[in-house]
Structures are given as C-alpha cells and as structure tokens.
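Please look over this model with me. My notes are below, point by point.

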Amino acid sequence: MGAPVLTAAAMRAAEQAAIASGVPEYDLMERAGATAAEIVWRAGGSRDTLVLCGPGNNGGDGFVIARILRAKGVPVRVAALGESGTASSLRARARWDGPVEALHQAKPAAQLVDALFGTGLTRGLADAVAASLERLVGRANHSYAVDLPSGVETDSGRLLSPVPRFGVCIALGALKPAHLLYPAADRFERLVSVDIGIAPSSPLHSLAPPHLDAPASDAHKYSRGLVAVIGGGMAGAGLLASRAAARSGAGAVRRIVPDADGRGPDAIITSAAMKVADVAKALEDKRLSAVLAGPGLGRDDGAWERLEAVLESEHRLVLDADALTLLADKGPDQLPAGAILTPHEGEFARLFGDVPGSKIDKALAAAQRSRCVLVYKGADTVIAAPDGKAAVASRGSFWLSTAGTGDVLAGLAAGRFAVTGDPFRAACEAVWLHGEAARQAGAAFIADDLIERLPAAIARRL
Ligand SMILES: NC(=O)C1=CN([C@@H]2O[C@H](COP(=O)(O)OP(=O)(O)OC[C@H]3O[C@@H](n4cnc5c(N)ncnc54)[C@H](O)[C@@H]3O)[C@@H](O)[C@H]2O)[C@@H](O)CC1
Ligand SMILES: Nc1ncnc2c1ncn2[C@@H]1O[C@H](COP(=O)(O)OP(=O)(O)O)[C@@H](O)[C@H]1O
Ligand SMILES: [K+]
C-alpha cells in the first residue's frame, strides 16, 4: 500500500485521536513546525527568509518555523494576515519575539514560507491576499508551502483563488487529496510528506509500486492466464491492447477480430469471428482468464452485439473506450459487476452523469453503483473499488497524453487481471506499470514505445 491520504475531516479526526491519546494539540504544532523548519534549513541554510502566517493553525506552524529558523541564525521576517485566532496559534505567536509585518506591506525575500492557510481553508483568498502571495512567491528564489499551497481546496484539489507555483510542498502528518489531484498537484514542483506523530489510517492511498511474482516452476501458458481481446473495425487500437496484454506477464493472448488480418506479433493468435455467434463460441473457451472489449470495437449495431456476447460470458472483464460509450448509450444498467472499467473523463461523464464531489468521490460512487473497479483516468488516475478502497496515481509523465496510451493500459489491465484474478490489485498494478513505462520512455514517446518497456518495468518489481 502507498501512503495514506486523508481528507480535511479525516485529518481533524486523526489529530483528535492523537490529542485523546495524550499528545496536546500544541505539541503537534511544535512537531510540525520543527520538522518543516528542518527541511527549509537543510535546503537553504541561512538564506534571507520571509514567513507568511495566517490566522489559524497553519499560521501557528509558520510562527514555530520562524522561531526555530531564527534560533539557528537565519535572518527571518514574519508577515501576518490579521490576528491569530486559535489557542495553539496564539501560543506559537507569543513565542515569536521578532516583529510582525502586515502581509500587504511585506518586502520580498530570497526564500518564502507560505503558512497562510492549510486544511481549514473554506473559501478563496481575498484578491489582495492572493495578489500578495503571488508577488512574494514570484520574487523568491525558493518557496515552500506549509501543508498545502494557500488557496487550494484540501479534498478536491480545486483552486479556490489563484495559487502561485511553489518549489516544495511540505505535507504535514499525511497526504491530503489536493497533494495528488490536479490542478492543485501542479502548484508545487516537489512534495515532501513528514511524520508529526499522528497515526493516519485511511481507505485511500497514493498508488504504491506493486510486488509482482515471477512464474513458478510448474507454470504453463494457461495457468499464467489466457487473455482474449475482442476487436472490431479499428484494428490498431485492439492491436495495441493485445500487444500490451502479451507483455503484461500473462501466458497467452488471443485477438478475436472480424477479419483475420495477419497483423501483430506471431505470439498473438488471431482468430476471425465474422458473426456474433463466432464471438460467443470463442468466448466459450473455459481456459480464458480475462477478456478485454472496447479498444477499436466500434460503436455500430454490430459492435453492440459483439459486446453483448462479451457481457453474457461469465469471464473476468475489462471494458474500455467504445465498450463504455456503447454501454452509456444502450444500457448503463448492464454494467457487469466485478469488471474493471477504464473511463477517461468524457466516458465517465457519459456513463455516470454528473456525480458530486472530488474525482476520488466520483470514482468511489461509480464503483459502488456499478459494483466494478473504476480506473478513472487522467493526469491523476483514481482506482476505486466497490468496498470503498481507492488508490491515486499522480505526478507522473504528462507525455502520456498521446493517442493509444489508453489502449495500452486496457490491455495491461486485462493481462494483470488474468494473472492475479483480483480486479483492484490488477488495476493498481496496470496503472503503476503504465506510469513506470512512461517514466522510462522519457519524452515525446508513442503508445507503442510503452509496450516495449513493460518487461523492464515488470522486472523492476519482482
Ligand atoms: N490536523 C493536524 O493534525 C495538525 C494541523 N496543523 C496545522 O493546522 C492546519 C489547519 O489549521 P486550521 O484548521 O486552524 O485552519 P487554517 O489555518 O488552514 O485556516 C484558518 C482559518 O481561517 C479561516 N478561513 C478559511 N478560509 C479563509 C479565507 N479565504 N480568508 C480568511 N480566512 C479564512 C477559517 O475560519 C479557518 O479556520 C493544517 O493545515 C496544519 O498546517 C498542525 O499545526 C499540527 C497538526
Ligand atoms: N495529461 C496527462 N498526464 C498524465 N497522464 C495522462 C494525461 N492525459 C492522459 N493521461 C493518461 O494517458 C492515458 C490516455 O488514455 P485515453 O484517454 O483512453 O487515450 P486513448 O483513447 O488515446 O488511448 C490514460 O492512462 C491517462 O491516465
Ligand atoms: K499553506
């Protein structure tokens, strides 16, 4: 499992649990401030520093950071937004014995620490405050956001007011959704998460690198998983998916297509299934461990009939692309429980409509409603299971935004589903391997390049 991700409410509950177990709130603030100050000090030494302190506990952390940096000999100034309004922040402010400037009059410094607002932000910053923050971050050579960049909504990652881009974001105690969800996740270059002595626990995690198994001595191609990819009019997409499935660790891949076109690696068996009855017959093979439908399937009546044959089969299913669009049009009530669905934003909206909440909330609600594992794709990809657990993959390569990478992911998910039999685990493995292949591929790659890198990505996790 990756690092736990806590919403603002879950963070408050974890804080309350720590307090109930005998750690005073102010001690948590001292720990948070000391840990953050250490990070700033190690990176910046005695750079001229300006700390911006807000009225709540985030501002309290700022006063602790300022005091500790100053005790180390760092030239520190503090600029505050109004008076401190919580017991702990008042205490932290009282222990700061330097002057406090007004935020709108603050002069820039080489290093800036933003402790204006954290998880307590409920609305956007006033225009003048957002402008001061933007000006001061813009003039600093090094900038740090304490817990969160001020102006982002903790649970959704939305920007409630304009937010400048920081060098480092120091997440206190646990990651929050805004550290992983865009656009907030793009408001800092580097993310550091620090322990402050609370024990965060959550059904939501950042996506961790998977632990994969090499085949056992008695393995054979069918025990390792036979995948069928149901193709249609657009052979290229189905081929990309088939080739990704073939390099996913599964034992064998079959392409079931309207015409045997002779394309693809020799290791992939292509069967022509001209009629729907032929598709249904091919799906009768009991050795099949997973079936993928969607990439290149088409959206006409023939495609729907082929999809119906897939839905009627009892196999583990991965549904992507055209399969999702067809289901949205013709029968969202026919989503097969236990499948993996891999929609991008448009497909998600077509299938599930306007679901309220953050991207994580939406993926979880859709998983619960469909009783499927959702892979809600994008720069931030949320993998959600019907039982309420979820993992978020984020801060990966934006070069993935190129044609066909979704087909590769779908093939990979089908392959891992065939290998593991567990849809959530398979989806997590597929998304991680896909992201790793993209990291290794570097810049300006095409979807085919990802497939070549899958074996090395798998080898790294054995
Ligand atoms: N939860 C925890 O375990 C800990 C939290 N700590 C810090 O406490 C922070 C949360 O503190 P708070 O709950 O006091 O909240 P913040 O300090 O984030 O916000 C302060 C207050 O400002 C007001 N406010 C909200 N939006 C505003 C706006 N746009 N303009 C003006 N005022 C606005 C609200 O009344 C809010 O309570 C965390 O982000 C973290 O930095 C740490 O001190 C230690 C431990
Ligand atoms: N800006 C981005 N940054 C990182 N990954 C992205 C970005 N845009 C898309 N992706 C990823 O690339 C893949 C694109 O899938 P999809 O939209 O189905 O494209 P296609 O249909 O062309 O294959 C998904 O895995 C998605 O998560
Ligand atoms: K902040």
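The points cover the basis, a ligand shell, a helix pair and an annotated span.

1. This is a predicted model: local features need pLDDT of at least 70, side-chain atom pairs count only at pLDDT 80 or more, and totals for chains, interfaces and linings use all residues. Residues are numbered from 1 along each chain as its sequence is written, while chains are lettered from A and ligands numbered from 1 in the order in which they are written.

2. Ligand 2 has 17 residues around it; Lys377, Ala379, Leu400, Ser401 and Gly406 come nearest. Near means a C-beta atom, placed from the backbone, within 6 Å. Helix 12 (residues 405-420) gives the largest share of this shell, 4 residues. Helices are DSSP runs of H or I, at least four residues, and strands are E runs of at least two, numbered from the N terminus.

3. The shell around ligand 2 holds 9 polar, 6 nonpolar and 2 charged residues. Ala, Val, Leu, Ile, Met, Phe, Trp, Tyr, Cys and Pro count as nonpolar, Asp, Glu, Lys and Arg as charged, and the others, Gly among them, as polar.

4. Helix 2 (residues 25-44) packs on helix 3 (residues 57-71) at about 55°, axes 8 Å apart. Axes are lines fitted to C-alpha atoms over the stretch in contact, and angles run from 0 to 180 degrees between N-to-C directions.

5. The UniProt record (unreviewed entry) places "domain: YjeF N-terminal" at residues 11-204. Such annotations may be inferred rather than shown by experiment. Residues 11-204 are 34% helix and 20% strand, with end C-alpha atoms 13 Å apart.
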